[in-house]
Amino acid sequence: MLFLAMSYKRNMKLLFVIGDAAVGKMTVGQELMKITDLRLFHNHMTIEPVLEIFGYFNENAIRKTREIIFEEFAKSNNYGMIFTCMMAFDSQSDWDYIEHVKNIFKPYDTEFYYVELVAAQHIRLQRNATENRLKNKPSKRNIELSNLRLINDDKNFRCESYDGEIPFENYIKIDNSALSPQTVAKMIKKHFKL
């Protein structure tokens, strides 16, 4: 009897890590990348080069750069991506952007996962000046200005969801105020079986 070998491609996975400024999205993503086959694409990977080239925040350039990365990654044979971003739950455009990114990946039978990280403002202000954050996000190195932006964002946007507000399957909300990034990454891996 002849057995034909069939190639099997796993469904790609796209994990959104959302939350307020300096809540630990990138750092948790870095730890999660170490213990899974997911690749990390944190939002400042496009923000920082654009700031360096243009000398200011060019939203169109950032968005187009992300589009190219999403489109090429979706077509690749990679296991999956961790994408980190702030999300204002009271802004329809932020909800629309999540759907837009998903639509890039949907033709490739992608599985979607969502992690919302939350922590109190005083904890996030402490994290805003950590060595890892400043190393990866040069635009945050003016701590006084960065702290002011964080406080103003908290006043102007609602970056924590209400209970029951998130309609997505495969969603988890984690208060990581007292948890290490390594612990949170392990929780996410276990919860979603990544």
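Which residue in E3 is the bridge partner of arginine 39? In this predicted model, the bridge partner of arginine 39 in E3 is methionine 81.

E3 pairs with E2 in the parallel sense, over 5 bridges. E3 also pairs with E1, again in the parallel sense, over 6 bridges. Within E3, isoleucine 82 is the bridge partner of leucine 15. E3 is largely enclosed by the rest of the structure, because 6 of its 6 residues are buried. Gly80, Ile82 and Thr84 point one way from the strand, while Met81, Phe83 and Cys85 point the other way.

Threonine 84 belongs to strand E3. With a relative accessible area of 1%, threonine 84 is buried, since the cut-off for a buried residue is under 20%. Its side chain reaches the backbone nitrogen of asparagine 43 at 3.3 Å. When neighbours within four places in sequence are left aside, the contacts of threonine 84 are Val17, Lys25, Met26, Leu40, Phe41, His42 and Asn43.

The largest nonpolar core holds 23 residues, and those that touch the most other members are Leu14, Phe16, Phe70, Met81, Phe83 and Phe105. At least two residues of this core come from each of E1, helix H3 (59-75), strand E3 (80-85), H4 and E4. H4 provides the largest share, 6 residues. Apart from this core lies another, of 21 residues, including Val115, Ala119, Ile188 and Phe192. Methionine 81, which points from E3 in the direction taken by Phe83 and Cys85, touches Lys13, Leu14, Leu15, Leu38, Arg39, Phe41, Ile69, Phe70, Phe73 and Phe105, not counting residues up to four places away in sequence.

In helix H1, the buried residues are Lys25, Met26, Val28, Gly29, Gln30, Glu31 and Leu32. The elements that cover them include E1, strand E2 (38-42), E3, E4, helix H6 (131-136) and helix H8 (181-192). Two of these buried residues, Lys25 and Met26, are among the contacts of threonine 84.

Most residues other than glycine have a negative phi. Alanine 22, by contrast, has a positive phi, near 60°. It is found in the loop between strand E1 (13-19) and helix H1 (25-35). Alanine 22 counts as buried because its relative accessibility is 4%. Aspartate 109 likewise has a positive phi, near 55°, and is placed in the loop between helix H4 (92-105) and strand E4 (111-118). Aspartate 109 counts as exposed because its relative accessibility is 53%, where the cut-off for exposed is over 50%.

The largest pocket contains about 1,000 Å³ of space. Its lining consists of 32 residues, and Asn43, Ile47, Phe57, Arg66 and Met86 lie nearest its centre. Helix H2 (44-54), H3, H4 and helix H7 (143-156) each supply at least two residues of the lining. Asn43, one of the residues nearest the centre of the pocket, is the residue whose backbone nitrogen is reached by the side chain of threonine 84.

Note on methods: Residues numbered from 1 in each chain as written. Predicted model: local features only at pLDDT ≥ 70, side-chain atom pairs only at ≥ 80, totals over all residues. Heavy atoms only, no water. Helix = DSSP H or I, 4+ residues; strand = E, 2+ residues; numbered from the N terminus. Buried < 20%, exposed > 50% of the residue type's maximum accessible area, 1.4 Å probe, protein only. Core = buried A, V, L, I, M, F, W, Y, C linked by side-chain atoms within 4.5 Å. Contact = heavy atoms within 4.5 Å. Polar contact = N/O pair within 3.5 Å; in protein donor to acceptor, adjacent residues only side chain to side chain. Pairing = 2+ DSSP bridges. 1 Å grid on protein atoms, 1.4 Å probe; cavity = no way out; pocket = protein on both sides within 12 Å on 5 of 7 lines; lining within 4 Å. Points joined across faces, edges and corners; volume = space filled by probe spheres on them.
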